Amino acid sequence: ATELERQKSEMMRVFENALAEKETEDSGAYAEEFGRSFLQKEPTPGIQFEYDLHVQFLPGITLDETNRLAKEWMTEKNRVIMVNAPEKAGAGVPGEKELLAVLEEVKRDEIAPYEDTTTDAPLLSAMPEPGEIVSKRTIEAAGVTEWTLSNGARVVLKPTAFKEDEILLRAISAGGISLASDESLVPANTADQVVAAGGLGEFSAVALQKKLAGKAVFIRPSIGELEEGLSGSASPKDAEALFQLIYLTFTAPRPDPAVFDVIKSQLKTFLENRDQNPETVFSDTLRKTLQRDQPRFRPMTIADISEMDLQKSLAFYRDRFADAGDFTFVFVGKLDLETLEPLVRRYLASLPSQGRKETWRDWRVAPPEGVVKKSIEKGVEPKISLIPVTQLSLEIVNYLVIRIFPPRGL
């Protein structure tokens, strides 16, 4: 029942957003709807009519009729089994008999119904003490307002009218993986993936998703080569949830050892088959050649899996987000500055600050001189790849010639 109510809430939020954006909807969405109307005879009564239908009928959908419909749809008469596996020796692809045996085994199993766990706990167990906005300035020509906070952070706000129900966030700080030591490169490179996958604060990733059901809000931390930061979005009505998530992302990352093990297993499977793709081999060779095999720019390999360490990743993540004072937070969209000001004071100006003055470190090396020739035997037939000049300077293109051939005998 709790799953059904969350889904109702999510669906209703989608239509609320569509109704709010009816005057600023992308033309592509209309084109797709007209295409479905012509090809599939889908009615197009308009978003107001569809929204009203959902308001009227969605609350009346019951759990029993939903489960009954699922049983009517999921039968043995309309079942298709598909297998996707790498095309290589020893892959161990199961045949029809093996797959049918698995289905029969599942039929005989006693599978307990899923128990949904939910919590009414707030995102933040205790509200942070607000900081202050120590200075304000306006750049009239660009329509931008800039606030400097008591912890040193900068907030840049740009109200726009492109979307009626959207606020976009981007936060950046110089440093990134360039400041990691050589010994911690693998944990640093995987930090934003393995730490963020655990959730935030008291909420696992799954529990957090449930908690945010019915809210139009999203946030993702990132640690790149030269900078760390956040990207996110929210509806204006869910702005406080966005700011609370920002605060938790800085102060309460939640590493999960079980999720970490799953990520390692998935990476291992991915890397085992990665070099089967000729284009991947080409791009890896190009990358290593241009950077003269600099360890910091080598593609990840199977051997690197053993160097993954959740605690080291967490330590690097915390270090990169330990000082909000050198971050710039940029908000664009449907902004009401009077509404946002108390949120900025409470959730951004209260973030920890250490007064660090740092920037990124440049580890890149000059490309090799002269003409470098590499012959790669991979694939089943000759192929050529063109590198756009917008990605590489003419000077580098003139330096490098890489040809890719199929293995001899194929």
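Me: What should I know about the model before we start?
Reply: It is a predicted model, in which local features need pLDDT of at least 70 and side-chain atom pairs count only at pLDDT 80 or more, while totals for chains, interfaces and linings use all residues. Residues are numbered from 1 along each chain as its sequence is written, and side-chain values use heavy atoms, with hydrogens and water left out.

Me: How do H9 and H14 pack?
Reply: Helix H9 (residues 239-251) and helix H14 (residues 337-348) pack at about 20°, with their axes 9 Å apart. Here helices (H or I, at least four residues) and strands (E, at least two) are DSSP runs numbered from the N terminus, and axes are lines fitted to C-alpha atoms, for helices over the stretch in contact, with angles from 0 to 180 degrees between N-to-C directions. H9 and H14 are therefore roughly parallel to each other; angles under 35 degrees count as roughly parallel, over 145 as roughly antiparallel, 65 to 115 as roughly perpendicular and the rest as oblique.

Me: And which residues meet there?
Reply: From H9 come Ala-239, Glu-240, Phe-243, Gln-244, Ile-246 and Tyr-247, and they meet Leu-340, Leu-343, Val-344, Tyr-347 and Leu-348 in H14, where contact means heavy atoms within 4.5 Å. The residues of this contact of H9 with H14 divide into 9 nonpolar, 1 polar and 1 charged, counting Ala, Val, Leu, Ile, Met, Phe, Trp, Tyr, Cys and Pro as nonpolar, Asp, Glu, Lys and Arg as charged, and the others, Gly among them, as polar.

Me: What about H1 and H3, parallel or antiparallel?
Reply: Helix H1 (residues 2-20) and helix H3 (residues 47-57) pack at an angle of about 155°, with their axes 10 Å apart, and that makes H1 roughly antiparallel to H3. On the H1 side the contact is made by Met-11, Met-12, Phe-15, Glu-16, Ala-18 and Leu-19, and on the H3 side by Ile-47, Gln-48, Glu-50, Tyr-51, His-54 and Val-55. The residues of the contact of H1 with H3 divide into 8 nonpolar, 2 polar and 2 charged.

Me: Switching topic, how many salt bridges are there?
Reply: A search of the whole structure finds 29 salt bridges, each being a side-chain nitrogen of Lys or Arg within 4 Å of a carboxyl oxygen of Asp or Glu.

Me: Where does Glu-16 come in again?
Reply: Glu-16 forms a salt bridge with Lys-237, the closest N and O atoms being 3.7 Å apart. Lys-237 lies in the loop between strand E6 (227-234) and H9, and Glu-16 in helix H1, so the pair ties together parts that are 221 residues apart in sequence. Lys-237 counts as exposed at 59% relative accessibility, whereas Glu-16 counts as partly exposed at 28%; buried means under 20% relative accessible area, exposed over 50%, and partly exposed in between (1.4 Å probe, protein chains only).

Me: What separates Glu-5 and Lys-8?
Reply: Being 3 residues apart in helix H1, Glu-5 and Lys-8 are separated by about one helical turn, and their side chains meet in a salt bridge (3.5 Å, N to O). Glu-5 is partly exposed, with a relative accessible area of 45%, but Lys-8 counts as buried at 10%.
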